[in-house]
Amino acid sequence: MLHNFCIYHIDAPGHELGADVISSDEPLLCVDDLADQVAEVLDYFGLREVMCLGVTAGAYILTLFAMKYKERVLGLILVSPICKGPSWTEWIYNKVLMNLLYFYGMCGLLKECLLQRYFSKELRCSIQGAESDVIQTCRRLLDERQSLNVMRFLQAVNARHDLSEGLKNLQCKTLIFAGDSSPFHAESIYMSEKIDSKICALVEVQACGSLVTEEHPISMIVPIERFLMGFGFHRQPHFASSSSNGSTSPASPSRHAIVAPELLSQESLGIKLKPIRTRVRVET
């Protein structure tokens, strides 16, 4: 997959490694500002069209970006996305997190709250007792973030608006991954139902939290590969030497087919692939 792409990773403001604390004099950004900043990044690098991949709140920002800048987004790959405004429960919970960030920084309690959002109970509560490398790495990365900058981003996310109506007019092909242990699982399913079924496919990942990218990345490979094939991206076939004098003749492409053609249709997304299960709505 990497052979076909140049990847630009966009951090939320002040979330990059080594970032300084954002001055309190700087105005707070809303989610629309964050979506507009994505466009500014593309303009800076001279990128006309992009394929976007985002997780949870990042998926929300990129979806909003796709709505505002339809001509610049070829496709969306969304992992445990959110699309509604926060419920009262989430709003209060986020307020608690923001108070912890303001008064205590990236403390142990706060990290535990975030880990519950990120990962499944199976990963967080290992039978062996020792924390997995994924959890340990996540703790370390959280420690490296500026608490007040994280708080500002959380304020923007907690004031987000509902995208439900706009989803009906979304024009780009969309692939949604939903970890079935994610607190945003139901919202991800809801989002997939709001987008036109002709351009959207849903993949539910069993025994996985919000960060499918970290917890079950292997389960994403086949769906993403098929998704990208819909845009004309595919692995190049290899050619084998057939003579001893150094000349070569190309082998039949059919001998090197990665995926059978009949599996590339939209209906193929209904195949059950453990540890994932997929859903495609069939119109009657």
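What share of the contacts in the chain with a separation of 6 or more is accounted for by residues 24 or more positions apart? Such residues account for 75% of these contacts, a contact meaning heavy atoms within 4.5 Å. This is a predicted model, in which local features need pLDDT of at least 70 and side-chain atom pairs count only at pLDDT 80 or more, while totals for chains, interfaces and linings use all residues. Residues are numbered from 1 along each chain as its sequence is written, and side-chain values use heavy atoms, with hydrogens and water left out.

**Overall build**
- The chain holds eleven helices and five strands, taken as DSSP runs numbered from the N terminus (helices H or I, at least four residues; strands E, at least two).
- Of the 284 residues in the chain, 41% are buried (buried means under 20% relative accessible area, exposed over 50%, partly exposed in between, with a 1.4 Å probe and protein chains only).

**Aromatic pairs**
- The whole structure contains seven aromatic pairs (ring centres of Phe, Tyr and Trp, the last by its six-membered ring, within 6.5 Å; planes under 30 degrees apart are stacked, over 60 edge-to-face, the rest tilted).
- Tyr44 and Phe45 pair edge-to-face, at 5.0 Å centre to centre and 85° between the planes, and together with Tyr8 they form one aromatic cluster.
- Trp88 and Trp91 are also edge-to-face, because their ring centres are 5.8 Å apart and their planes at 75°; both lie in helix α3 (residues 88–104), three residues apart.
- Trp88 is exposed at 69% relative accessible area, whereas Trp91 is partly exposed at 33%.
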